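This briefing covers ligand surroundings, domain arrangement and backbone geometry. The structure comes before the notes.

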Amino acid sequence: MDAPPASPLPATSALPWQRAAAGAGLLAGSVPQPTIFARMSARAAQLGAMNLGQGFPDTDPPAAVADAAVRAIREGVNQYPPGPGAPALRAAIAEHQRRFYGLDVDPATDVLVTTGATEALASAILGLVRPGDEVLTLAPWYDAYGALIALAGGIHRTVAIRELGEEGGDGRARGVRLGVDLEELRCAFTDRTRLVIVNSPHNPTGIVLDPAVLSAIVEEATAHDALILTDEVYEHLVLEGAHVPVATLPRARERTITVSSAGKTFSVTGWKIGWACAPAPLIAAITGIKQWLTFTSGAPFQGAVAAGLALPDADYAEIREDLRARRDLLVAGLRDIGARVSVPDAGYFVLADLSPLGAQDAAELCERLPEEAGVVAIPVSAFLRPGEGDHLRSWVRFAFCKDRETLREAISRLEHWAQTQQG
Ligand code: PMP
Ligand code: GLN
């Protein structure tokens with residue numbers, strides 16, 4: 001099988017912001033276009049539409065986490081924390097890796113606290129990718145990957161997530177199964193592959209890559225001497241099965257940078273506390289960029305996230321169970337309106353193919369859905385470049401990390417809208 005097409009090399013005369021915009025498919029005119037998430041949240045606010053677009057929860061963080069942040073501000077934790085992160089948070093991250101995954105991480109050298117997962121991803125990509133290096137991601141891909149790869153001058157290659165069949169037979173109607181073809185994945189690696197970005201659980205599809213796929217990635221990365229950047233921000237939101245961190249796989253550790261964030265786990269996306277764990281030389285390289293971006297941030301939130309990471313297992317289970325109920329609510333609602341649904345195993349999002357409702361072009365549909373239905377959602381094409389994912393053209397991403405009232409109201413509005421489509 002041929003390797004999939006790569007992004008064209010950006011013109012060398014393009015300004016860096018133009019490269020970033022082009023890498024994310026947002027270069028139009030002479031100003032940077034806002035991201036799809038920003039644009040759709042603004043429309044939701046403007047129209048009073050139910051916002052199932054941008055992935056932020058409208059539920060509260062665990063009380064212990066919120067209280068710790070308030071206390072920290074009152075107790076004077078308001079100045080620059082150390083560049084690599086508050087010692088208490090680095091220790092809590094190392095302990096978290098040991099407790100959940102049996103990984104031995106040195107908090108002094110193998111952990112870097114960042115301004116959200118985004119800054120960890122940016123620092124790793126800008127610090128480790130040279131112009132002309134190939135970077136491999138799944139497609140669809142989280143928007144920042146495309147922008148950052150282009151900013152670094154890298155060549156973005158992708159491996160498609162496709163329909164692998166229909167699920168079912170276990171008594172539950174499961175819907176469409178999405179995943180990766182192993183041979184296609186292996187063929188996408190070349191001798192110029194510098195970095196492979198793994199994202200499992202995956203945004204936007206909600207799939208968890210199976211261990212055979214993760215092992216093939218590690219094997220190919222090793223064979224081509226590529227680094228692995230693994231974005232595991234949804235690590236604690238796995239609803240079926242268990243999370244397998246790439247760094248726990250045989251021979252992965254030495255070449256793997258693991259990125260995560262407190263935002264999703266504790267419903268604090270606005271705090272922007274993230275981190276990277278990796279062997280000391282890789283952390284040193286990433287720090288070499290991070291210290292010029294923000295240097296440091298979020299003093300009172302760092303200790304609060306440390307408190308969150310130390311919460312007992314029962315609290316983590318509660319976070320998951322609460323999310324599972326909301327996933328099931330939205331999945332049932334989307335099925336009821338006649339959509340083909342891919343039931344997510346993890347994360348914040350469910351994908352639905354709306355072609356049975358006559359919508360062939362989800363991008364066009366998501367532009368009119370806020371007015372027509374009073375609901376905001378994101379077309380999967382926003383996570384793809386033209387030509388990368390025609391097979392997902394009629395698919396829409398809906399966020400279920402919203403409170404039950406919002407979900408119920410959105411479902412009821414979609415039901416009314418669906419009737420007008422079919423009638
Ligand atoms: N990676 C993925 C896959 C995401 O969905 C997001 C967005 N929430 C991020 C990274 C960014 O995380 P943060 O808000 O911690 O920067
Ligand atoms: N990760 C969030 C999502 O996928 C969006 C974050 C952002 O707005 N950049 O919806």
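**Ligands, domains and backbone**

An oxygen atom of ligand 1 is 2.8 Å from an N or O atom in the side chain of N203, a polar contact (a pair of N or O atoms within 3.5 Å; within protein, one must be able to donate a hydrogen and the other to accept it, and residues adjacent in sequence count only if both atoms are side-chain atoms). This is a predicted model, in which local features need pLDDT of at least 70, side-chain atom pairs count only at pLDDT 80 or more, and totals for chains, interfaces and linings use all residues; side-chain values use heavy atoms, with hydrogens and water left out. Residues are numbered from 1 along each chain as its sequence is written, while chains are lettered from A and ligands numbered from 1 in the order in which they are written.

**Ligand 1**

- An oxygen atom of ligand 1 also lies 2.7 Å from an N or O atom in the side chain of K272.
- On its own ligand 1 has 390 Å² of accessible area, of which the protein covers 93% (Shrake-Rupley method, 1.4 Å probe; for residues, only the protein chains shown count as cover).
- The shell around ligand 1 has 13 residues, the closest being T118, D231, Y234, S261 and K264; a residue is near a molecule or strand if one of its heavy atoms lies within 4 Å of it.
- By class, this shell holds five nonpolar, five polar and three charged residues (Ala, Val, Leu, Ile, Met, Phe, Trp, Tyr, Cys and Pro count as nonpolar, Asp, Glu, Lys and Arg as charged, and the others, Gly among them, as polar).
- Helix α5 (residues 116–128) contributes three residues, the most to the shell of ligand 1; helices (H or I, at least four residues) and strands (E, at least two) are DSSP runs, numbered from the N terminus.

**Ligand 2**

- F37, Q54, G55, Y142, N203, K264, F349 and R397 surround ligand 2.
- These residues divide into three nonpolar, three polar and two charged.
- An oxygen atom of ligand 2 is 2.9 Å from a polar side-chain atom of N203.
- A nitrogen atom of ligand 2 lies 3.4 Å from a polar side-chain atom of Y142, and a nitrogen atom of ligand 2 is 3.5 Å from a polar side-chain atom of K264.
- The protein covers 79% of the 300 Å² of accessible area that ligand 2 has on its own.
- Domain 1 and domain 2 each supply at least three residues to the shell around ligand 2.

**Domains**

- The assignment gives domain 1 as 16–60 + 315–422 and domain 2 as 63–313; such bounds come from an automatic or database domain assignment.
- The centres of the two domains, taken over C-alpha atoms, are 23 Å apart.
- Contact (heavy atoms within 4.5 Å) links 41 residues of domain 1 with 47 residues of domain 2.
- About 3,900 Å² is buried between the domains, 56% of it on carbon and sulfur atoms; buried area is the accessible area (1.4 Å probe) that two parts lose on being put together, summed over both.
- Y316, D345 and F383 supply 19% of the area that domain 1 buries against domain 2, more than any other three residues.

**Backbone**

- N203 is joined to P204 by a cis peptide bond with omega of about 15 degrees, and P204 lies in the loop between β8 and α8.
- Another cis peptide bond joins S200 and P201, with omega of about -5 degrees; P201 is in the loop between β8 (193–198) and α8 (211–223).
- D225, a residue other than glycine, has a positive phi near 50 degrees and is found in the loop between α8 and β9 (227–231).
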